[in-house]
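Hi there,

Here is the structure I promised to pass on. Have a look at it first, and then read on for my notes.

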Amino acid sequence: ELELKAEKDNAELRIGNVADYQEVVNAEWTILYNKLEKIHESGAKIVLSKLPIGDVATQWFADRDMFCAGRVQDEDIERVLASCGGSLLTTVSQVDASVLGCCGEFYEQQVGSERYNFFTGGSKAKSCTLVLRGGSEQFIAETERSLHDAIMIVRRAMRNDSIVAGGGAIEIELSRHILELGNKREMKDQFFWKGYAKAFEAIPQQLCHNAGLDAITMLGELRAAHAKGQKWCGIDIQAERVADNMEGCIWEPALVKENAIISATEAACLILSIDQTIKNVKSSNEMPGLPGQH
């Protein structure tokens with residue numbers, strides 16, 4: 001810790017005269033200044049610590065054009081280490097240029113009512129930081145979830161090169177194929193196949209509702225386009241029309257879509273397998289005339 005702290009309650013120090021007391025005080029200051037000197041001699045310009053940094057150390061660093069911050073969260077320090085390099089040390093005795101990280105630029109900027117420290121141009125930086133701002137915590141939380149979903153989709157698409165067109169294109173195409181197979185079935189099997197095909201249309205229908213589009217018209221145009229062999233046609237929300245989403249770069253990883261269909265199908269089969277429900281019959285021992293009874 002780069003600050004002077006009071007001793008613990010059970011600490012005891014016996015002093016015979018004033019000179020001995022002054023030596024103890026000077027020793028504490030000497031230890032602190034030795035730590036600060038070692039950090040400065042290493043060439044460091046920015047000092048981050050999980051522990052608190054006192055006012056004396058802060059002023060000492062400021063006089064030498066150095067920035068310091070104490071009580072930094074673990075995840076923040078790990079992010080800085082991942083982007084700028086360097087090492088996390090528990091003592092200043094091993095501080096030298098080999099354990100220091102570097103960045104292109106460091107500055108402090110106020111965003112809204114908070115002040116943030118920005119590290120740009122890190123030597124090992126392979127990521128970026130997004131600052132989300134909004135009028136309420138609920139809005140920020142929803143934005144964070146949406147952003148996380150989008151990042152995970154991109155991550156999955158980069159790891160798996162198999163993709164399909166989004167915007168309800170693959171759902172309508174699957175619905176068309178299943179409906180064609182269902183028409184070839186006999187007896188009651190047709191109803192199951194057609195019901196399964198109808199369920200796939202819920203995705204593009206919900207997309208239309210979310211975007212404020214006419215779901216009936218859009219679904220009709222989608223069915224007509226896929227009947228002509230345009231299998232990648234889906235809903236382009238920004239253009240508010242049916243378009244080729246594969247050319248429009250509206251993609252989804254095939255693995256994500258496959259897992260979603262399998263999970264939804266298994267959940268539906270589980271519900272359909274329930275052939276009996278148990279109800280809690282109304283008790284016959286209730287007193288007549290109580291409120292809420294007839």
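The chain is divided into domain 1 (18-122), domain 2 (132-161) and domain 3 (163-272), with bounds that come from an automatic or database domain assignment. Taken over C-alpha atoms, the centres of domain 1 and domain 3 are 57 Å apart.

Before the details, please note that this is a predicted model, in which local features need pLDDT of at least 70 and side-chain atom pairs count only at pLDDT 80 or more, while totals for chains, interfaces and linings use all residues. Residues are numbered from 1 along each chain as its sequence is written, and side-chain values use heavy atoms, with hydrogens and water left out.

Now to the pockets. A pocket here is an open set of points on a 1 Å grid over the protein atoms alone, where a 1.4 Å probe fits, with protein on both sides within 12 Å along at least five of seven lines; lining residues have an atom within 4 Å of a point. Volumes are the space filled by probe spheres set on the points, and grid points are joined across faces, edges and corners.

The largest pocket holds about 1600 Å³. Its lining has 39 residues, and Asp76, Arg79, Thr129, Leu130 and Val131 are the closest to the centre. Because domain 1 and domain 2 both give residues to this lining, the largest pocket lies between them. Helix 3 (74-84), strand 4 (114-120) and helix 4 (137-159) each supply at least two of the lining residues; helices (H or I, at least four residues) and strands (E, at least two) are DSSP runs, numbered from the N terminus. By class, the lining has 18 nonpolar, twelve polar and nine charged residues, where Ala, Val, Leu, Ile, Met, Phe, Trp, Tyr, Cys and Pro count as nonpolar, Asp, Glu, Lys and Arg as charged, and the others, Gly among them, as polar.

The second largest pocket has about 980 Å³. Among its 32 lining residues, Ile46, Val47, Leu48, Ser87 and Leu89 lie nearest the centre. Helix 3 gives the most to this lining, with four residues, and helix 1 (18-41) and strand 1 (46-48) each supply at least two. The classes here are 20 nonpolar, eight polar and four charged.

There is also a helix pair to look at. The axes (lines fitted to C-alpha atoms over the stretch in contact, with angles from 0 to 180 degrees between N-to-C directions) of helix 5 (residues 169-183) and helix 6 (residues 189-200) come within 8 Å and cross at roughly 170°. Helix 5 is therefore roughly antiparallel (over 145 degrees) to helix 6.

Finally, two backbone angles: phi is positive at Glu240, near 55°, and at Cys249, near 60°. Glu240 is in the loop between strand 6 (233-236) and strand 7 (241-244), and Cys249 is in the loop between strand 7 and strand 8 (251-253).

Best wishes

Notes: Angles under 35 degrees count as roughly parallel, over 145 as roughly antiparallel, 65 to 115 as roughly perpendicular and the rest as oblique.
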